[in-house]
Amino acid sequence: MTSSARPHLNRRLAEFGTTIFAEMSALAVATGSINLGQGFPDTDGPEEIREAAVRALRDGRGNQYPPGPGVPELRTAVAAHQERHYGLSYDPDTEVLVTAGATEAIAAALLALVEPGDEVVALEPYYDSYAASIAMAGGRRVPVTLRPHEGGFRLDLDELRAAVTDRTRLLLVNTPHNPTGTVLDRAELAAIAALAVERDLLVVTDEVYEHLVFDGARHLPLATFPGMRERTVSIGSAGKTFSFTGWKVGWVTGTPELVGAVRSVKQFLTYVASGPFQYAVAEALALPDSYFEEFRRGMLARRDILAEGLTAAGFEVFRPAGTYFITTDIRPLGETDGLAFCRALPERAGVVAVPNSVFYDDREAGAPFVRFAFCKRQEVLREAADRLRGM
């Protein structure tokens with residue numbers, strides 16, 4: 001019997017194995033550790049929104065295939081949300097597309113807009129699906145690294161400009177930024193917009209943490225800047241804002257041409273998904289401003305509990321301006337290898353975290369950084385902090 005020398009995995013994806021989230025979550029279960037690695041809450045979102053999903057199920061809405069672009073109620077709600085919060089006007093019928101979470105939206109957008117050989121400039125460290133999606137599209141990723149600066153991570157605009165070449169097709173921007181918690185400010189976004197217009201670049205913006213900004217920071221969609229609406233694909237998601245990550249309801253907004261291109265790919269990925277949940281998310285997006293403010297305040301309190309606990313345990317803490325992740329530097333603990341540190345941490349302290357190095361092309365640049373999620377109950381965060389102090 002002979003074996004084939006042909007690889008089983010497309011060589012574009014040869015560098016990608018099991019995601020770090022699956023590995024660390026499995027380790028949390030195996031060791032009974034507190035899981036501050038993967039970004040999912042340990043409580044459900046608003047009861048009235050959960051009941052809206054139950055009502056949709058009972059009423060037979062969404063139990064069969066929903067419309068390919070998404071149910072009209074949700075597309076209308078997404079458009080209303082963009083108008084209400086940012087003054088962006090979108091046609092629900094031609095400029096809004098519902099996806100199976102933001103991850104599918106990212107993949108479909110890059111597959112639709114990137115040709116083989118195109119360069120895609122992305123802010124490093126980046127969510128791991130970015131690299132895989134660029135590879136599946138046949139593109140070449142060009143990282144621009146956010147670097148530690150004054151207690152946070154900042155973008156070097158000169159480095160970004162230098163990264164753009166004649167082969168650059170698209171900028172992939174994430175703000176609020178996972179994993180660093182950076183929220184790009186008006187000046188930075190204006191510079192990105194000017195660069196995109198000058199070089200005639202498309203832009204995909206991942207804005208799933210749009211309602212989780214702290215300490216006076218403000219989320220400003222790139223599509224609101226001059227010349228950007230016609231070249232920007234904006235991605236949102238219900239999972240992070242309403243604490244129903246398992247529902248997998250995301251969306252894309254943009255011009256009819258851009259959304260149509262993304263839809264042409266999306267229909268051959270999941271086709272449709274999350275039927276009954278789409279109706280519930282439509283109701284969630286119409287919740288009063290008080291919901292969004294209370295949600296932000298609650299997450300801010302959790303951030304501060306964990307940040308103080310990590311500081312007391314000896315980590316250098318980069319207090320995030322957004323998202324629900326804290327990046328730390330482990331070098332004050334006498335450690336330098338974040339991956340080894342995270343693999344040993346469950347046995348040492350009964351806590352799971354994620355090494356930031358997996359979000360970098362330059363693994364050495366990310367080696368000393370470790371990410372913790374604070375989207376957990378306050379008592380869980382306090383227990384995790386106590387365990388870490390006891391290392």
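Reply: What follows goes from the chain as a whole to its nonpolar cores and then to its cavities.

This is a predicted model, in which local features need pLDDT of at least 70 and side-chain atom pairs count only at pLDDT 80 or more, while totals for chains, interfaces and linings use all residues. Residues are numbered from 1 along each chain as its sequence is written, and side-chain values use heavy atoms, with hydrogens and water left out.

The chain has 14 helices and 15 strands, which are DSSP runs numbered from the N terminus (helices H or I, at least four residues; strands E, at least two). Of its 391 residues, 57% are buried, where buried means under 20% relative accessible area with a 1.4 Å probe, protein chains only.

In soluble globular proteins, nonpolar side chains tend to be buried together. Here the largest nonpolar core has 99 residues; such a core is a set of buried Ala, Val, Leu, Ile, Met, Phe, Trp, Tyr and Cys residues joined through side-chain atoms within 4.5 Å. Among the residues with the most contacts inside this core are Leu74, Leu170, Phe242 and Phe372, and helix H11 (residues 289-312) gives the most to it, with nine residues. If we leave aside residues up to four places away in sequence, Leu170 touches Leu110, Leu113, Val114, Glu119, Val120, Val121, Leu202 and Val204, a contact being heavy atoms within 4.5 Å. A second, separate core of 27 residues includes Leu123, Val173, Leu201 and Phe369.

The structure also holds three cavities of 30 Å³ or more. On a 1 Å grid over the protein atoms alone, a cavity is a set of points where a 1.4 Å probe fits but cannot get out, and lining residues have an atom within 4 Å of a point; the volume is the space filled by probe spheres set on the points, which are joined across faces, edges and corners. The largest cavity contains about 50 Å³ of space, and of the 15 residues that line it, the closest to its centre are Val98, Lys266, Val272, Ala273 and Gln278.

The second largest cavity contains about 40 Å³, and its lining consists of Gln82, Glu207, Glu210, Ser234, Ile235, Gly236, Trp251 and Thr253. Strand E9 (232-237) and strand E10 (250-253) each supply at least two residues of this lining, with the largest share, three residues, coming from E9.

Methods
Buried < 20%, exposed > 50% of the residue type's maximum accessible area, 1.4 Å probe, protein only. 1 Å grid on protein atoms, 1.4 Å probe; cavity = no way out; pocket = protein on both sides within 12 Å on 5 of 7 lines; lining within 4 Å.
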